[in-house]
Amino acid sequence: MTERIPGFATLAVHAGAQPDPTTGARATPIYQTTSYVFESVDHAASLFGLQTFGNIYTRIGNPTTAVLEERVAALEGGTAGLAAASGHAAQVLIFHCLMQPGDEFVASRKLYGGSINQFNHAFKNFGWNVVWADPDDIGSFERAVSPKTKAIFTESIANPGGVITDMAAVAQIAKRAGVPYIVDNTLATPYLCKPFEHGADIVVHSLTKFLGGHGNSIGGLIVDGGTFNWSRDKRYPMLCEPRPEYHGIVLHETFGNFAFAIACRVLALRDIGPALSPFNAFLILTGIETLPLRMRKHCDNAQAVAEWIATHPKVAWVSYPGLPGDRYHNLAKQYCPNGAGAVFTFGLKGGYDAGVKLVSNVKLFSHLANIGDTRSLIIHPASTTHRQLSDAQKTAAGAGPDVVRLSIGIEDKDDIIADLDQALAD
Amino acid sequence: MDHDSYPDSYIRGILNTVKTIAMVGASEKENRPSYFAFKYLLERGYTMIPVNPGHAGETMLGQKIYAKLSDIPVPVDMVDIFRGSQYALAIVKEALALKPRPQAIWMQLGVRNDEAAALAEGNGLKVVMNRCPKIEYGRLSSEIAWMGVNTRTLSSKKATIGGIQRMSLNRMSAQGGATAAADRAQREDSGH
């Protein structure tokens, strides 16, 4: 008997959720509780010792949040998930489980500006040293690897410039180096791209963007691909050595191919503490139910807007991988065949001042520092999200003075185009 | 049986049928995976019998420890092998000598011996390799989902409760999300 594997849209609605066992409630209840009663003293001991599965305290796990974790893990094709208070928090938890002070990791220099800041500054205070590589020169990843390297990190579709990373090539380098390959899949979502199919070992998300999709909740999530052998080279003591926090348990030996997600939960989240609120988990779960519908519309609209804006006389260039002739068009067809995402940049011939003017003139677009909302969003990175970076870093990150970033919503595309048309006319 | 990928119905069938499980290599140390699995399955209502020659005659979680399978005075439905893969063949031979014979051989996460599996299957026993019965019970009952684990099942029926924070294995579920990348990595690791 063959067992049927459900499709993506079915998983987006159902994975992780089932009617509440006590009340029969069909929507996932918001378990707005800090703590959970134990059946007995022995049950409590089993829970604290990781000997049984269950709920102790919402900083470590929550039944509403758990539905979200399983949902995203299923959509990505991973073995387990762990939610965190934000995408940034999720990154701290991941690296806490991989790095010791003095260790290095290699990261693409084309990243969300917030990640560049986190890696350059906050992580250095922990002694976690980033070594930058260039996704347009895959060999630079290989050259950046040293005996201290513990991981390689890229985005699938990079924010803000629509850079598509050749993930299969980076994965080969990570494999040769014997380190896990981490992919931030926020801009693509698993609807457009599944990094585990291209050699990633860990996927990280900001749920705040397209997954939640409605601009109402901050959240982050880690997915364990179950692909990395933590015990092979004994380089990851959180996974392969007896843990004093848990009376000498070895997590990889005990939990097998979802040990990394467990380590992030019971070592990192438990002790560092950035748990997601169950209310946010509920809102994000509701958003995910319509992910396939929304992503299709986001991508259709973005393609139309990019094609229109590419012909506008005040526009110098457009960086959208969905456009034929774009330098990432072939990579987009390979990695994101269902659409090139809905976040892209373009350059104004009028430079910095023209960018400031455009974001002031729009009436339908919202001028704000987020992406992946149902609403169309606009920002001038040089004056906002990327303003802490040096001019050289801004340009390297695709956020030079002339650059405007759009996140195309799911409104009618004619209205989106009309708003840009009037805002550029002035 | 394809030992790289078991249908849920096969695993559920074994866990729903067997009642008495002999665990070869059960450890009394609280931080060992065998202790975790033993305790969990005992709490889920299975009759658990520890087998460990170094501790024969002692008790573990109230259950008497035997030196070898043939010392167990009651019929055993399943033998759970918590020893290195190289010991699995000898343990299967011991299991096949039992009267009555067990219905199933289960080799723990990380344990795989295809020769031992073929011998057991040739004698009509069901075989599971490189899986943990605790994890599989937790997955099919959906308890493990509290840890964010992808159970690879979906259900539109409410789960049956077996106590506070405890779900019954008798949950109606359909196949859910797959873990293709992890399955590939496992096949590569085991050289298949």
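This is a short walk through a predicted model with a chain A and a chain B.

I will start with chain B. Its secondary structure comes to six helices and nine strands. The radius of gyration is 16 Å, close to the 16 Å that the globule rule gives for 192 residues, so chain B is as compact as a globular protein of that length. If you draw a box along the principal axes, the C-alpha atoms of chain B fill roughly 45 × 40 × 30 Å. Of the 192 residues in chain B, 47% count as buried. On contacts, take those in chain B between residues at least 6 apart in sequence: 57% of them join residues at least 24 apart.

Now one helix in chain B, H5, which covers residues 133-141. How many of the nine residues of that helix are buried? Nine of the nine, so H5 of chain B is largely enclosed by the rest of the structure. The list takes in some charged side chains by name: B:Lys134, B:Glu136 and B:Arg139 are among the buried residues. Also in it are B:Pro133, B:Ile135, B:Tyr137, B:Gly138, B:Leu140 and B:Ser141. What do these buried residues pack against? In chain B they pack against helix H1 (8-17), helix H2 (33-43), strand E5 (78-81), strand E6 and strand E8 (153-154). Just after H5 of chain B comes B:Ser142, which takes a positive phi of about 80 degrees.

Staying with backbone geometry, a word of background. Most residues other than glycine have a negative phi, and most peptide bonds are trans. Chain B has a cis peptide bond, from B:Lys99 to B:Pro100, with omega near -5 degrees. B:Pro100 sits in the loop between helix H3 (88-96) and strand E6 (104-107) of chain B.

In chain A I will point out two residues with positive phi. A:Thr189 is not a glycine, yet its phi is positive, about 60 degrees. A:Thr189 belongs to helix H8 of chain A, residues 189-192. The other is A:Lys234, with phi near 55 degrees. A:Lys234 is in the loop between strand E9 (220-224) and helix H9 (237-240) of chain A. A:Lys234 is exposed, with 10 other C-beta atoms within 10 Å.

Next, the sheet in chain A. Seven strands form an open sheet, in the order E1-E9-E8-E7-E4-E2-E3, with mixed pairing. Strands E1 and E3 (129-133) of chain A stand at the edges with a single partner strand each, so one side of each is left without a neighbour in the sheet. From one strand to the next, the twist averages 20 degrees.

Some of the pairings in detail. Strand E4 (residues 149-155) and strand E7 (residues 181-184) of chain A run parallel, joined by four bridges. Within chain A, A:Ile152 stands opposite A:Tyr181 in E7. Helix H11 of chain A packs on the sheet, touching E1, E8 (202-206) and E9, and its direction makes about 30 degrees with that of E1.

E9 of chain A deserves a separate look. Five of its five residues are buried, which leaves the strand mostly covered. A:Gly220, A:Ile222 and A:Asp224 point one way from E9 of chain A, while A:Leu221 and A:Val223 point the other way. E1 and E9 of chain A pair in the antiparallel sense over five bridges, and A:Leu82 has A:Ile222 as its bridge partner. E8 of chain A also runs antiparallel to E9, with five bridges joining them. There, A:Ile202 has A:Asp224 as its bridge partner.

Last, the contact between the chains. How many residues of chain A are in contact with chain B? The count is 55 residues of chain A, in contact with 43 residues of chain B. On the chain A side, the elements that give two or more residues are helix H1 (8-14), helix H3 (63-76), strand E1 (80-84), helix H10 (251-255) and helix H11 (259-272). The largest share of that side, seven residues, comes from H3 of chain A. By residue type, the side of chain A that touches chain B divides into 22 nonpolar, 24 polar and nine charged.

Key:
Residues are numbered from 1 along each chain as its sequence is written. Chains are lettered from A and ligands numbered from 1 in the order in which they are written. This is a predicted model: local features need pLDDT of at least 70, side-chain atom pairs count only at pLDDT 80 or more; totals for chains, interfaces and linings use all residues. The radius of gyration is taken over C-alpha atoms; the globule rule is 2.2 Å times the number of residues to the power 0.38. A residue is buried if 20 or more other C-beta atoms lie within 10 Å of its own, exposed if 12 or fewer, and partly exposed in between; C-beta atoms are placed from the backbone. Two residues are in contact if their C-beta atoms, placed from the backbone, lie within 7 Å. Two strands pair if DSSP finds at least two bridges between them. Axes are lines fitted to C-alpha atoms, for helices over the stretch in contact, and angles run from 0 to 180 degrees between N-to-C directions.
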